[in-house]
Amino acid sequence: MNHAIALLKFYLDAGVDAAIEDAPLSRFGMAGARMEAQSAPPPAIAPRASDTSAEPRPVPARSAPPQPSAILGANDRALAESARTAAAGAQSLDELREILQRFEGIESLRGRATNMVFADGNPEASVMLVGEAPGADEDRLGKPFVGVSGQLLDRMLGSIGLDRTRFYITNVCFWRPPGNRKPTEAELVAQAPFVQRHIELVRPKILVLVGAASAHALLGTNDGITRLRGRWFDYKSTGLAAPVPALPIFHPAFLLRQPAQKRETWADLLKLKTRLAELG
Ligand code: URA
């Protein structure tokens, strides 16, 4: 094996499977800059999967789809506005998928992903789960939650009698962020109208918000997932006749790293089971 292939194999084994920058960057000679960088604030792009930080603030009693925040630029807000117009035109899930597939502007994601990851499961089911963003396996297969954490999620739901014929599942981000980074706020805000329309078209009886990113995007709060999980919120949207009860839970990727927290998730799943039984 020549050196270049051996190096690529080393990168792959280490989980480096995507080019993040457009141009190569030489790290040699950066040692001097490193000392300064260490005292600088952390980069905006943090590794994702299941932040659990909790700020002890009361959770708002009602929820509302998030609006573009003040820190977004004019271009980001214009993009969110055109996403809102585009998403509003969808009268069915097939139309929404097609409109999203053609929607230009989220090139930081779309341009680098193999597949758009729209949804899986049964759109007629009572329960709709919304996660964060596809990873490498989801990107390859074009389906949400098919990797290791998805398999854990399936087992968790199976324990209360739900499989993919009895739930529908999607994400707040429809393309894999390169290198599994967290989706940026601008990317999430641009996709938010599609997520909102997705929920309006499915009209689930219950929403399960899988992980902090989903809970933050759909409940419009920044409270930590540790505070939010296991509590019922109302998801409201102009296109829904009534609020949908929404239950945040820990992300399975977090549970894989912190198995002791599975106990809390079991309690949350029992709440989901009870609520489903009440709804009939
Ligand atoms: N994690 C998510 O949040 N969504 C997926 O589809 C896969 C992993």
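## Strand β4

Five of the five residues of strand β4 (residues 206–210) are buried, so the rest of the structure largely encloses this strand. Buried means under 20% relative accessible area, exposed over 50%, and partly exposed in between (1.4 Å probe, protein chains only). Strands (E, at least two residues) and helices (H or I, at least four) are DSSP runs, numbered from the N terminus. I206, V208 and V210 point one way from β4; L207 and L209 point the other way.

This is a predicted model: local features need pLDDT of at least 70, side-chain atom pairs count only at pLDDT 80 or more, and totals for chains, interfaces and linings use all residues. Residues are numbered from 1 along each chain as its sequence is written, and side-chain values use heavy atoms, without hydrogens and water.

## Pairing of β4

Strand β2 (residues 127–131) pairs with β4 in the parallel sense over four bridges. Pairing requires at least two DSSP bridges between two strands. V130 has L209 as its bridge partner in β4.

Strand β6 (residues 244–249) also runs parallel to β4, joined by four bridges. Here V208 stands opposite L247.

## Ligand site

G131, E132, A133, P134, E138, P144, F145, S149, N171 and H251 surround the ligand. Each has a heavy atom within 4 Å of the molecule.

Polar contacts are pairs of N or O atoms within 3.5 Å. A polar backbone atom of E132 is 2.8 Å from a ligand oxygen. A polar backbone atom of A133 is 3.1 Å from a ligand nitrogen. A polar side-chain atom of N171 lies 2.8 Å from a ligand nitrogen.

Note on methods:
Polar contact = N/O pair within 3.5 Å; in protein donor to acceptor, adjacent residues only side chain to side chain.
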